[in-house]
Amino acid sequence: LHSIAAKYKTSVVANRRCYIGNVQFTDEGGTVVTKGDAVIKSPVNSFDVFPATNILEATVNDGDEIVKLEVYADRLLQFKKHKLEIINISQAVEFLEETFHHKGVGHQAAVCKTDYGIAWVNEFGCYLFDGQKVNDLLEKGGIQIIKESEWFNWLTAGKDGTGASLNPMIGYVPNKRQLIVVDDISTNGDGSIYLYDMVTKSWVKGAAGTIGTGVSRVKTNFVNDWDGNLMWVHTTNTSTPNQWSDTSVTSTTVDIITKDIDFGQPA
């Protein structure tokens with residue numbers, strides 16, 4: 001008989017089923033099988049039963065593995081390290097709808113759910129899937145508002161300038177419709193952030209230490225509490241969750257950059 005139990009690294013519930021990704025299970029011959037690029041779905045209303053016969057494989061043996069699963073608008077978003085695969089789950093038989101290369105994530109904390117869709121971040125940019133298409137949030141009206149080189153350098157320089165690749169994390173502040181992107185989940189970053197306002201579609205950069213004083217902290221992923229506050233925990237103080245606050249503080253590192261303003265007289 002096929003196994004109905006499985007180990008997995010990520011999961012999501014949709015359409016009264018539980019989908020698990022990057023799985024390990026026992027096949028009918030008693031062999032333990034590990035499939036990093038496979039998803040298993042549970043039967044309807046049986047969220048802890050995972051028959052090996054219910055396996056979904058969008059791409060097989062592509063040298064990549066599933067990092068995070070999310071769902072939005074009857075679409076299963078399958079984030080791998082190097083690409084994103086969107087699977088349509090609106091019908092009885094699921095099928096691969098689109099594949100986006102270079103839009104994968106390095107860590108589960110690099111993905112979050114918003115009331116606009118699913119947002120995520122990697123070294124190439126910050127993106128939002130709105131149920132119809134993938135939007136590049138570093139662009140506005142077909143024009144770049146943050147250079148790709150500036151974004152890439154921010155996430156690859158490391159706090160000591162050695163070029164250590166960083167693992168960014170992202171969270172959502174629902175009452176202000178804002179995304180918070182932190183440079184690194186570990187101690188390699190300097191605590192700087194980028195803040196994206198989903199109403200004005202604009203970015204603000206926070207200097208080193210914006211996410212908190214000191215950088216030698218390993219951080220958890222962001223979560224929203226029952227009041228919608230953005231929370232996380234770090235290794236300096238594990239007993240008290242931190243809450244994101246944009247209360248003004250005294251700073252000497254403020255740079256205001258505008259477009260070229262000539263008041264109607266460019267000469």
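**Figure 1. Val23 in strand S2.** At a relative accessibility of 1%, Val23 is buried. Buried means under 20% relative accessible area, exposed means over 50%, and partly exposed falls in between (1.4 Å probe, protein chains only). Val23 sits in strand S2. Strands (E, at least two residues) and helices (H or I, at least four) are DSSP runs, numbered from the N terminus. Which residues does Val23 contact, leaving aside neighbours within four places in sequence? They are Lys7, Tyr8, Val33, Thr34, Lys35, Ala38 and Ile40. Contact means heavy atoms within 4.5 Å. Ile87 is 64 residues from Val23 along the chain, and the C-alpha atoms of the two are separated by 17 Å.

The model shown is predicted: local features need pLDDT of at least 70, side-chain atom pairs count only at pLDDT 80 or more, and totals for chains, interfaces and linings use all residues. Residues are numbered from 1 along each chain as its sequence is written, and side-chain values use heavy atoms, with hydrogens and water left out.

**Figure 2. Asn22, a residue with positive phi.** Asn22 is not a glycine, yet its phi is positive, at about 60 degrees. Asn22 belongs to strand S2, which covers residues 17-26. Is Asn22 buried or exposed? Asn22 is buried, with a relative accessible area of 7%.

**Figure 3. The S5 and S6 hairpin.** Strands S5 and S6 run antiparallel and are joined by six bridges. Two strands pair if DSSP finds at least two bridges between them. The hairpin has two residues between its strands. Ala73 lies in this loop, between S5 (66-72) and S6 (75-80). Ala73 is not a glycine, but has a positive phi of about 55 degrees. How accessible is Ala73? Its relative accessibility is 43%, so Ala73 counts as partly exposed. Why is S5 said to be largely enclosed by the rest of the structure? Six of its seven residues are buried.

**Figure 4. Glu70 within S5.** Glu70 has its place in strand S5. Which residue of S6 stands opposite Glu70? The residue is Leu77. Glu70 is buried, with a relative accessible area of 11%. Leaving aside neighbours within four places in sequence, Glu70 contacts Val12, Arg75, Leu76, Leu77, Phe79, Val111, Lys113 and Ile118. In a regular strand the side chains alternate between the two faces of the sheet.

**Figure 5. The S7 and S8 hairpin.** Strand S7 covers residues 83-88 and strand S8 covers residues 95-101. The two strands run antiparallel, and six bridges join them. How many residues link S7 to S8 in the hairpin? The hairpin joins them through six residues. Ile86 has Glu98, in S8, as its bridge partner.

Figure 6. The structure holds zero disulfides. A disulfide is a pair of cysteine sulfur atoms within 2.5 Å. Cys112 is buried, with a relative accessible area of 9%. Cys126 is also buried, at 0% relative accessibility.

Figure 7. Lys147 lies in the loop between strand S14 (143-144) and helix H1 (148-154). Lys147 is exposed, with a relative accessible area of 56%. How far apart are the C-alpha atoms of Lys147 and Gly125? They are separated by 9.6 Å, and the two residues are 22 apart along the chain.

**Figure 8. The whole protein, for context.** The secondary structure comes to one helix and 21 strands. Along the principal axes, the C-alpha atoms fill a box of roughly 80 × 45 × 40 Å. Of the 267 residues, 42% are buried. Among contacts with a separation of 6 or more, 42% are between residues 24 or more positions apart. The accessible surface is about 14500 Å², and 51% of that belongs to carbon and sulfur atoms. Accessible areas come from the Shrake-Rupley method with a 1.4 Å probe; for residues, only the protein chains shown count as cover.
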